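Here is a short report for a first look at this structure.

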Amino acid sequence: MTGARTYLDYNATTPLRPEVQEAMTAAMVDIVGNPSSVHQEGRTARKALEEAREKVAALAGASPRDVIFTSGATEANNWVMQAGWDAIVFSGIEHDAVQAPAATAPAETIIVGADHAGVADVGAMAETVLCNPAVLTALRNGGRVLLSLQAANNETGVCQPVMDVAQFCRAHDVSFHTDAVQCAGRQNLNFALWGADSMALSAHKIGGPSGVGALIVRGGHVLKPLLEGGGQEGRRRSGTENLLGIIGFGAAAELALSDVARAEGMRAMRDRMEQALQAAWPDAQIIGQASPRLPNTTAVAFPGQAAETLVIKFDLAGIAVSAGSACSSGKVKTSHVLDTMNLPPTLANSTIRISLGWNTTNEDIDTFIRTCTTVLRPTQQRAVA
Ligand code: PLP
């Protein structure tokens, strides 16, 4: 990253890519129509909307008709959770945008755990589908059961076995939703191959603007609209489309697709950073290191050092990272993800997240490693080579 600061918090949000900014600026000047209008201006807007839909579909490995634009992944996840299920099964490592609407849905909710390595307990998920009385009753009576499993975790980067779980769900008449926000641009998404019924995506995690995302819904899989009105998005999501945002999302999706091919370069930078940290701070623990992980994410615990304090110290030193123990509202609380993994408080409270992205350079990593020597307590430090 250029400039005085080093941004290493791409899982929270990403800087807007210049190509995205360019596409949005051009559209701001050139497009005046409403995509629902029949005149030329409307048709121009419609064309831009559909082109963006094709780009997002290509990123998702889905058909363009499966893509419904939303205000972000929070809306997409809320929509699915609130879609009239009799029972919802999900793991405690899901993002709040899944857990909170599931908790208030008029459905039986069953939360399963995760192991120390950050992988959701898929055995418990299967057992729930096969043995839980509420689930069995719903399935026996032709009711609707949903299982939700994120594709990768936002705090640890640990990838989840979505394909296996989707297959299991299909075999047992259970709908399967995946929040794939953190995977986009970091590993291949293949909605069709995975066999999911729905998937949530967000533009601002891939170098696009905030406030726009998508729900990908497999053809014919009908979800009751969350928003009623003018019947936009094929009568599935009313409200005049956020065209500029969607155009930015499309441009970002196109770039994110090519990022996946370069993911190994990102992984090499991330791994170099982890090796340097573990060499200099032998008691540092990389959370989920033994699991398949996204190439851009490191969650690392420095036992005995408060994560919140570290984040502030890094910030003062010009580096943006985040704490696994901070929630989105900025209040300090223990991370529900690390809690679900049953990490001892000494680790959970000392875990920070470093996440790389499209603009991260080897110099950023060098700066981070160098800064660690001043920010982290020297008592636990060996000389950095
Ligand atoms: N799901 C995951 C895994 C996320 O990391 C986030 C953002 O932090 C969201 C959902 C919410 O996405 P949005 O900001 O687009 O509402």
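## Ligand contacts

How far does a backbone N or O atom of A73 lie from an oxygen atom of the ligand? The distance is 2.9 Å. Taken alone, the ligand exposes 400 Å², and the protein buries 85% of that (Shrake-Rupley areas, 1.4 Å probe).

## Basis of the model

This is a predicted model; local features need pLDDT of at least 70, side-chain atom pairs count only at pLDDT 80 or more, and totals for chains, interfaces and linings use all residues. Residues are numbered from 1 along each chain as its sequence is written, and side-chain values use heavy atoms, with hydrogens and water left out.

## The ligand shell

Residues around the ligand include G72, H95, N154, D179 and K205 (a heavy atom within 4 Å). Helix 3 (residues 73-81) gives the largest share of this shell, 3 residues. Helices here are DSSP runs of H or I, at least four residues. By class, the shell has 2 nonpolar, 8 polar and 2 charged residues. Asp, Glu, Lys and Arg count as charged; Ala, Val, Leu, Ile, Met, Phe, Trp, Tyr, Cys and Pro as nonpolar; the others, Gly among them, as polar.

## Helices 5 and 6

Helix 5 (residues 122-131) packs against helix 6 (residues 133-140) at about 55°, with axes 6 Å apart. T128, V129, L130 and C131 of helix 5 meet P133, V135, L136 and L139 of helix 6 (heavy atoms within 4.5 Å). These contact residues divide into 7 nonpolar, 1 polar and no charged.

Terms used. Axes are lines fitted to C-alpha atoms, for helices over the stretch in contact, and angles run from 0 to 180 degrees between N-to-C directions. Helices (H or I, at least four residues) and strands (E, at least two) are DSSP runs, numbered from the N terminus. A polar contact is a pair of N or O atoms within 3.5 Å; within protein, one must be able to donate a hydrogen and the other to accept it, and residues adjacent in sequence count only if both atoms are side-chain atoms.
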